[in-house]
Amino acid sequence: RMDIRSIMPNAPNPSKRRAAAESFSNNLIVQPVMPLSSEEAGDSARLLRPPLEIEQVESVVSLEQLENSIIVDREIENCHIGTSENGKYLQGSSVWTRQLLKKSRVRRPSFLKQPSRKLRVCCIIFSALIFLLASALVTMVTHLKSSEPIQWSDGQDEPNPPQLPDSMVLLHPPQNDQAADHLNEILQEYSDPKLTLAEFQEQNPSSNIQFPEFTHTSAKHFSNQRTALLFAPGEYPNIDFEVGYYTSVIGLGESPDDVQFTNCSKGPHVPALDKFTDRPPNGSGLNTFWRSVENFATNPAEGMHWVVSQAAPLRRLHVQSDLHLFDADSWVSGGVAANTVVDGKVNFGGQQQWVMRNVHLGEGAVGGAWNLVFVGCTGAVPKEGDGAGRDNDAVMGPSISVENTPGSRMEKPYIVMKQKQAPIRENRGTQRINVSNQSDLPFVSDHPLYEFELRVPRITSGRDALGPKFDGEDDYVRDFRR
């Protein structure tokens, strides 16, 4: 009969319970069990309850095993001693776990001890790091295997022109009206989604506001689409498209005038969005971000509309008409135009917090709310003022800050597409064919007739820091091959 009343106190504290169980499992030697009365059996069963939580299994232990063993018990409940055909036994009516060791006062081996909590946490973290590292390695190896190595006969380490990713689209001037229509269809894919008036009225039949025929929406505001539209030098007649979220429109000429949008109503533009739902019927530009245009000339009949609010710069442009930075009474707030020529008038409307840097203003600037800043600008630059006075009985205007003598200027690098010398390729022996027009391009598609240059404008100061600069005389020219 076992009396472990003094060895296994019913300690409520978990750490004390764990220590008590450890002492019990390391030191207790189970003695042979004698037959007990039912009362004694019940009392002993209540005592034999080491309070330690571990994995549980179903088990029955005979008295013969107990006579020659040390038993490490876990969570024995409602135990009793009884008899069976095979003799007397000690049975747990609920599940319990045991571990039989040889009968001696030998401590439990260290590898059988439960690891500490800190060790378990460290193991989990280490396993997670190993898993992440292995996943990254597998992804990298898969990507490398899927990318075929580029072989170049001239030994260059990079191609020129480079292989463009799917996010970059190279476009060429249309040769006829059908090609222009096709190009307009392609460009609509990169504009903000359209919602027609018929579609809107079908969902809102009670609306009686005089809406336009359609509106662009801000549905792509949180899209993962990123696109650069690259326009090769040349003329693009009858091209009108809205510049959508996360889209950059880039001309590839040495000068903005090398890429011309002509005979168009709007050209590349951004109107107010959500005209059916946000301050209808004029919409809003307060959440119109993340787009840009640079290095082209445009002459739209309606003027160039660029109705944005920050993170949507205009750079290295020649606007051959008016530039409208608003759309009716839509709300807009902030932006920048740099290294740009505007032949017509800049109309700020309700625009505010706008910076014009190195911009030539052909016919001046009107409108605006709150503060406007002009740095290194030329032409009809507005007078500086705090916006509190009146000029020729006109309403009070915005606060205007003018800096006529900036210390220096630094422009963004730009890309230029250069025509290469017409390639010559052997054909059937010694006959050589000189390819000089696009109709022959499929014959030598592996020898493109163009290459790219990276132009990096030098930092200038003094008089060279004033007005726009397109000539590229002082640019650093870098080849894309290295």
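What follows is a talk about the labels used for this structure and the values behind them.

Modeller: This is a predicted model, in which local features need pLDDT of at least 70, side-chain atom pairs count only at pLDDT 80 or more, and totals for chains, interfaces and linings use all residues. Residues are numbered from 1 along each chain as its sequence is written, and side-chain values use heavy atoms, with hydrogens and water left out.

Biologist: How many helices and strands are there in the protein chain?

Modeller: The protein chain has six helices and 32 strands. Helices (H or I, at least four residues) and strands (E, at least two) are DSSP runs, numbered from the N terminus.

Biologist: Why is G376 called buried?

Modeller: Buried means under 20% relative accessible area, exposed means over 50%, and partly exposed lies in between (1.4 Å probe, protein chains only). G376 has a relative accessible area of 0%, so G376 is buried. Of the 482 residues in the protein chain, 39% are buried.

Biologist: Where is G376, and what does G376 touch?

Modeller: G376 sits in the loop between β23 (371–375) and β24 (378–379). Contact means heavy atoms within 4.5 Å. Not counting residues up to four places away in sequence, G376 touches N358, V359, E403, P406, A465, L466 and G467. G376 and G467 are 91 residues apart along the chain, yet their C-alpha atoms are separated by 5.8 Å.

Biologist: What makes Q320 partly exposed?

Modeller: Q320 has 23% relative accessibility, so Q320 counts as partly exposed. Q320 lies in the loop between β17 (314–319) and β18 (323–324). Leaving aside neighbours within four places in sequence, the contacts of Q320 are D257, Q260, A297, T298, N299 and D343.

Biologist: How do you know that R291 and D192 form a salt bridge?

Modeller: A salt bridge is a side-chain nitrogen of Lys or Arg within 4 Å of a carboxyl oxygen of Asp or Glu. The side chains of R291 and D192 meet at 3.0 Å, N to O. That value is within the cut-off of 4 Å, so the pair is a salt bridge. The pair links distant parts of the chain, 99 residues apart: R291 is in strand β15 (residues 291–300), and D192 is in the loop between α5 (177–188) and β7 (194–196). Both R291 and D192 are buried.

Biologist: What joins K275 and D327?

Modeller: A salt bridge joins K275 and D327, with the closest N and O atoms 3.1 Å apart. This pair also links distant parts of the chain, 52 residues apart. K275 has a relative accessible area of 16%, so K275 is buried. D327 counts as buried because its relative accessibility is 15%.

Biologist: Are R409 and E411 buried or exposed?

Modeller: Both count as buried, R409 at 4% relative accessibility and E411 at 14%. R409 forms a salt bridge with E411, and their closest N and O atoms are 2.7 Å apart. Elsewhere, salt bridges that share partners join E254, K418, E453 and R455 into one network. A search of the whole structure finds 12 salt bridges.

Biologist: What makes the peptide bond from N160 to P161 worth noting?

Modeller: That bond is cis, with omega near 10 degrees. P161 lies in the loop between α4 and β6 (168–171). The bond from P280 to P281 is also cis, with omega near 5 degrees. P281 is in the loop between β14 and β15. Most residues other than glycine have a negative phi, and most peptide bonds are trans.

Biologist: Which value of phi does N238 have?

Modeller: Phi of N238 is near 60 degrees, a positive value in a residue other than glycine. N238 lies in the loop between β10 (234–237) and β11 (241–242). N238 has 31% relative accessibility, so N238 counts as partly exposed.

Biologist: And where is R316, and why is R316 called buried?

Modeller: R316 is in strand β17. R316 has a relative accessible area of 8%, so R316 is buried. R316 has a positive phi of about 50 degrees, although R316 is not a glycine.
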